[in-house]
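Trainee: I have a model open and would like to talk it through before I set anything up. Could you walk me through it?

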Amino acid sequence: MRKLSDQVTPLLWKAALALSVLTSGCTVHAGYYDDPYYHDRHAVSGEVVYYNQWEHDTHRDHVDFKKRNKDDQKAYWDWRHSHDDHH
């Protein structure tokens, strides 16, 4: 009978490979903010200017968007879509 480690090691390698394949697919979404209220996506690189302007206009201290509470995030998206050239 084979040792348990001889049976588990190939499974661990397969799991590691599967994980790397699955997580690499997520990079397509990297660099975008998903707007759950207006159901669209905004490139992070283009969003920085708008976000900084929103913080300034609404007299907020700078905080990373992802660390803001849900009410502030909703307020930002509402403001953002009222200032969007494409809508």
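Trainee: How many helices and strands does the protein have, and in what order do the elements run?

Mentor: The protein has 3 helices and 2 strands, where helices (H or I, at least four residues) and strands (E, at least two) are DSSP runs numbered from the N terminus. From the N terminus on, the elements run α-β-β-α-α. This is a predicted model, in which local features need pLDDT of at least 70 and side-chain atom pairs count only at pLDDT 80 or more, while totals for chains, interfaces and linings use all residues. Residues are numbered from 1 along each chain as its sequence is written, and side-chain values use heavy atoms, with hydrogens and water left out.

Trainee: What is the mean pLDDT, and which elements have the lowest and highest values?

Mentor: The mean pLDDT, which is the predictor's confidence in each residue from 0 to 100, is 74 for the protein, and 62% of its residues reach 70 or more.

Trainee: Then α3 next: how many residues does it have, and which of them are buried?

Mentor: Helix α3 has 13 residues and reaches 18 Å from its first C-alpha to its last, close to the 18 Å expected at 1.5 Å a residue; the expected span is 1.5 Å times one less than the number of residues. Its buried residues are D72, Q73, Y76, W77, W79, R80 and H81, with buried meaning under 20% relative accessible area, exposed over 50% and partly exposed in between (1.4 Å probe, protein chains only). What covers them includes β1 (32-35), β2 (40-43) and α2 (44-57).

Trainee: Why does R80 count as buried, and what does its side chain make a polar contact with?

Mentor: R80 counts as buried because its relative accessibility is 6%. Its side chain makes a polar contact of 2.5 Å with the side chain of E47; such a contact is a pair of N or O atoms within 3.5 Å, where within protein one must be able to donate a hydrogen and the other to accept it, and residues adjacent in sequence count only if both atoms are side-chain atoms. Not counting residues up to four places away in sequence, R80 touches H42, E47 and Y50.

Trainee: And E55, what does that one touch?

Mentor: E55 is found in helix α2 and is buried, with a relative accessible area of 5%. A polar contact of 2.8 Å joins its side chain to that of H62, and beyond four places in sequence E55 touches R60, D61, H62, V63 and R68.

Trainee: Which residues make up the largest nonpolar core?

Mentor: The largest one has 7 residues, Y33, Y51, W54, F65, Y76, W77 and W79, a nonpolar core being a set of buried Ala, Val, Leu, Ile, Met, Phe, Trp, Tyr and Cys residues joined through side-chain atoms within 4.5 Å. The largest share of this core, 3 residues, comes from α3.

Trainee: Switching to the strands, in what sense do β1 and β2 pair?

Mentor: They pair in the antiparallel sense over 4 bridges, pairing being assigned if DSSP finds at least two bridges between two strands. The covered face of β1 holds Y33 and D35, and the uncovered one holds Y32 and D34.

Definitions and conventions:
Contact means heavy atoms within 4.5 Å.
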